[in-house]
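Take a look at the chain below.

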Amino acid sequence: MSASNARQTTPGDPAHDDGHGHGGHGGHGHHHAPADFGRAFAIGIVLNAGFVAVEAGVGLATGSLALLADAGHNAADVLSLILAWAATVLARRGPKGRHTYGMGKATIMASVTNGVLLVAAVGAIGWEAVQRLLSPGAVAAGPVMITAAIGVVINTATALLFMRGQHDLNVRGAFLHMMADAGVSAAVVIAAGLMLLTGGLQWLDPVLSLGIVAVILIGAWGLLKESAAMAMDAAPPGIDPAEVRAFLASRQGVAEVHDLHIWSLSTTRVALTAHLVRPAGGDPDAFLSETGQALAGTFGIHHATLQVETGTLDCHLAPDEVV
């Protein structure tokens, strides 16, 4: 392996500007979340913590498992919001000491944790729902309906706070939690209304609880699958490594691409390393600068580290099976 030139994009480079959207080769576009969702997280936490207390109290007083199940889920959502907020704060810290990439991975860890919390919560809710379905109890439909209606308003308002940040998996998790809760609360309103109209149908409460379990599982699976893949350093969704390899191979003078790795530094930032065999040489600084900017504009990859080789010596990292 001959003498090489390496460059990674740095703050201030056009290829590193996380605040700009990136148009797309093959439809790719990786926009980055606004710098601070702190206010949205604070408002969401306060609103939902207050509602959890009210909902749990009314659920206990009225014997509504649907309200208690939803209160438990909302309590988990409050914890999820706290974790997501803490992760965004850590992610804004720059590289320091042993954390040479900064602490952006905290957003991925928070997403994995939130997915696990959701899956764990549905087990208890599902078990209680089955027990209540086998032996339904009386439910005070009026108070349940009013409380759930308040939940629709609070959860919808909280979800709207995160609507602009859905491209960030960490923020999207918060958005999906809140939208799912709004839908569940709306379903509780409908079920309670039917109980009032018919004077019966008490079985609707546990059946609705099982519906809550299904809604949570659907949201949790997608979040957990995507965040776990990020934690395992898989290429982010929407970025095809084969397409990136072909793109690099098409750059002027490049004869071979090997040791290509693409992974997530956080839920919004993507890194890449690769060796490019370029026998013709030329101006390496201009080539690396232009290629780094092209990767950012085409794929949303802002942290690119490229090593240029002339190919006069064999690189021991060239085989695909070598990491």
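Contact here means heavy atoms within 4.5 Å. On that basis, among contacts in the chain between residues at least 6 apart in sequence, 75% join residues at least 24 apart. The model is predicted.

**Overall fold**

The chain has 323 residues, and 44% of them are buried. Its secondary structure comes to eight helices and four strands. Along the sequence the order is β-α-α-α-α-α-α-α-β-β-α-β.

**Helices H5 and H6**

How do H5 and H6 pack, and at what angle? The angle is about 170°, and the axes lie 10 Å apart. Angles over 145 degrees count as roughly antiparallel, so H5 is roughly antiparallel to H6. The residues of this contact divide into 14 nonpolar, three polar and three charged. On the H5 side, they include Leu169, Arg172, His177, Val184 and Met195. On the H6 side, Leu204, Asp205, Ile212, Glu226 and Met230 are among them.

| Helix | Residues |
|---|---|
| H5 | 169-198 |
| H6 | 204-231 |
| H8 | 284-299 |

**Helix H8 and its ends**

H8 has 16 residues. From first C-alpha to last it reaches 22 Å, close to the 22 Å expected at 1.5 Å a residue. Aspartate 283 caps its N-terminal end. A side-chain oxygen of aspartate 283 lies 3.2 Å from the backbone nitrogen of aspartate 285. At the other end, H8 is followed by glycine 300, which has a positive phi near 75°.

Which residues of H8 are buried? They are Phe287, Leu288, Thr291, Gly292, Ala294, Leu295, Ala296, Thr298 and Phe299.

**Leucine 295**

Leucine 295 sits in helix H8. Is leucine 295 buried or exposed? Its relative accessible area is 0%. Buried means under 20%, so leucine 295 counts as buried.

What does leucine 295 touch, leaving out residues up to four places away in sequence? The list is Val244, Phe247, Leu248, Leu272, Gly300, Ile301 and Ala304. Valine 244 is 51 residues away from leucine 295 along the chain. Their C-alpha atoms are separated by 8.3 Å.

Definitions and conventions. Residues numbered from 1 in each chain as written. Predicted model: local features only at pLDDT ≥ 70, side-chain atom pairs only at ≥ 80, totals over all residues. Heavy atoms only, no water. Axes fitted to C-alpha atoms, helices over the stretch in contact; angles between N-to-C directions. Helix = DSSP H or I, 4+ residues; strand = E, 2+ residues; numbered from the N terminus. Parallel < 35°, antiparallel > 145°, perpendicular 65-115°, else oblique. Nonpolar A, V, L, I, M, F, W, Y, C, P; charged D, E, K, R; others polar. Expected span 1.5 Å × (residues − 1). Buried < 20%, exposed > 50% of the residue type's maximum accessible area, 1.4 Å probe, protein only. Polar contact = N/O pair within 3.5 Å; in protein donor to acceptor, adjacent residues only side chain to side chain.
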